[in-house]
Amino acid sequence: MGLLSKKDSKLILDPLADNNPITIQVLGICSALAITAQLKASIVMAISVIFVLGIGNVVISLMRNIIPSKIRIIVQLVVVAALVIIVDQVLKAFAYELSKELSVFIGLIITNCIIMGRFEAFALGNGPWRSFLDGIGNAAGYGIILIIVGFFRELLGSGTLLGFKVLGDPISKTGLYAIGYENNGFMLLSPMALIVIGIIIWVQRSRNKALIEE
Amino acid sequence: MAKYTDKNSYTIIFSVIMVVVVGSLLAGVAQGLKSKITLNERFEKMQNILYAMGINDNEGDGDINFISTDRVEEVFAKNIKKQLVIQGDEVTENPEAYLIDIKKEETMAKDPNYQRRLPLFVGEKDGETLYIIPMRGKGLWDAIWGFVAVDKSLVVRGVFFDHAGETPGLGAEIKQRYFMDDFKGENIMDGDAFKGITVAKGNNDPVNENKTDNKVDAIAGATITGDGVTAMIKKDVRMYLPYLKSLNQ
């Protein structure tokens, strides 16, 4: 890669697969279950987290030498909370309906363990550029899983993708519905999200045996 | 040797500066976006009122589709003929009645000297006049609110419900179409007496064919939210009865 050194590109690419925050580190599961009933919500959540974690990591990294160690965690919380409030306000102003749909989950970004985890584990000990890459990488790794889960849940649960009826119309029985296909309402409930994530973990580990723990 | 960042005085100064900086940053953002957010909230109210009177972009039996925000002002102006404020015996027209905060009015009405303002929207759909009544009540976890549209003979023509934080999949279903559509055609009166509409379990009428029983079928697992809807309709629609009855005389 010309733009990034090998070490730097590893920061972005690692969390996408072999060190994925959801499937390997099992962080951020709660929001992955809650908001993935629709693809659109998943994508917005992914973008919001990329924004918060990318910027947050840089801010923490820039302040890493002046943060009083006694109130380190509080400072981190203030930084995430401020960024999350900004995201929330911007969504309310420019994507109101979506913000109603995501409602409490945007606020819950604050409690997303991935964010505090990366602040503590990476940004406090590394420079701003590397922290930025690490933040983007981890948030994107989280986002990818969200989008995969959202894709299957919306497709199998509602028969739509981003609101478009890709499988035909269940009411007037066109497309797949004409031959007796039915939507699986169960996919819209949170437990199925956990099962989908489980399947992703299974697929990932059977492709890369090194990930299997003893 | 302790680093300077470990000192108590440093910690205190740092936190003070941090609070000031973050505080003013957030205040600035909130101020900058405020006008846009208020506008969105206004559009939402208009969409909800229009939805209750059956003006929407619904296609077939699908999801709820409000009139889109770029058209909503125009459609609202066209279909809502009058916005009234009822205060005791006095009825005045007020083009911004839809902005009256029901929650605030409810609180202020606890003061016996205060005459509560009741907003009422008079709409017209397919040549027929509809009266849209705003409501606000309690669900299981938080507030629920909505609008009910009745015609002159006090038959419900449509409703809209929303909630702040009911349980997803259970109480939150009150804002789904299958629940709201059940209210269409129901009577809020039983003869001359006001009865409201009860969200009832086991009323032997699951597809809601009986429109004169003052009952709609409840959502399984959402008893308290359903009771909240029942109570909200009883409490808030009742206040409009004197005015609505006077229309028929």
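Predicted model: local features only at pLDDT ≥ 70, side-chain atom pairs only at ≥ 80, totals over all residues.

Q: At what angle do helix 7 of chain A and helix 8 of chain A pack, and how far apart are their axes?

A: Two packed helices are described by the angle between their axes together with the distance between those axes. Here helix 7 (residues 128-158) of chain A packs against helix 8 (residues 190-207) of chain A at an angle of about 120°, and their axes are 10 Å apart. Because of that angle, helix 7 of chain A is oblique to helix 8 of chain A.

Q: Which residues of helix 7 of chain A meet helix 8 of chain A?

A: From helix 7 of chain A come I145(A), I148(A), V149(A), F152(A) and R153(A), and they meet M192(A), A193(A), V196(A), I197(A) and I200(A) of helix 8 of chain A. The residues of this contact divide into nine nonpolar, no polar and one charged.

Q: Where does UniProt place the feature "transmembrane region" in chain A?

A: The unreviewed UniProt entry places this feature at residues 43-62, 74-96, 102-119, 131-152 and 185-203 of chain A. In the model, residues 43-62 of chain A are 100% helix and 0% strand, with end C-alpha atoms 29 Å apart, while residues 74-96 of chain A are 96% helix and 0% strand, with end C-alpha atoms 30 Å apart.

Q: How many residues does each chain give to the contact between chain B and chain A?

A: Chain B contributes 20 residues to the contact and chain A contributes 18 residues. On the side of chain B that touches chain A, the residues divide into ten nonpolar, six polar and four charged.

Q: What is the strand order of the open sheet in chain B?

A: Strands of a sheet pair through backbone hydrogen bonds, either parallel or antiparallel. In chain B the open sheet has six strands in the order 2-1-3-4-5-6, with antiparallel pairing. Strand 2 (90-93) and strand 6 (156-163) of chain B stand at the edges with a single partner strand each, so one side of each has no neighbour in the sheet. From one strand to the next, the twist averages 25°.

Q: How many bridges join strand 4 of chain B to strand 5 of chain B?

A: Eight bridges join strand 4 (residues 128-138) of chain B to strand 5 (residues 143-150) of chain B, and these two strands run antiparallel. The bridge partner of I133(B) is V148(B), in strand 5 of chain B.

Definitions and conventions:
Residues numbered from 1 in each chain as written. Chains lettered and ligands numbered in written order. UniProt positions renumbered as here; feature names shortened; annotations may be inferred. Helix = DSSP H or I, 4+ residues; strand = E, 2+ residues; numbered from the N terminus. Axes fitted to C-alpha atoms, helices over the stretch in contact; angles between N-to-C directions. Parallel < 35°, antiparallel > 145°, perpendicular 65-115°, else oblique. Contact = placed C-beta atoms within 7 Å. Nonpolar A, V, L, I, M, F, W, Y, C, P; charged D, E, K, R; others polar. Pairing = 2+ DSSP bridges.
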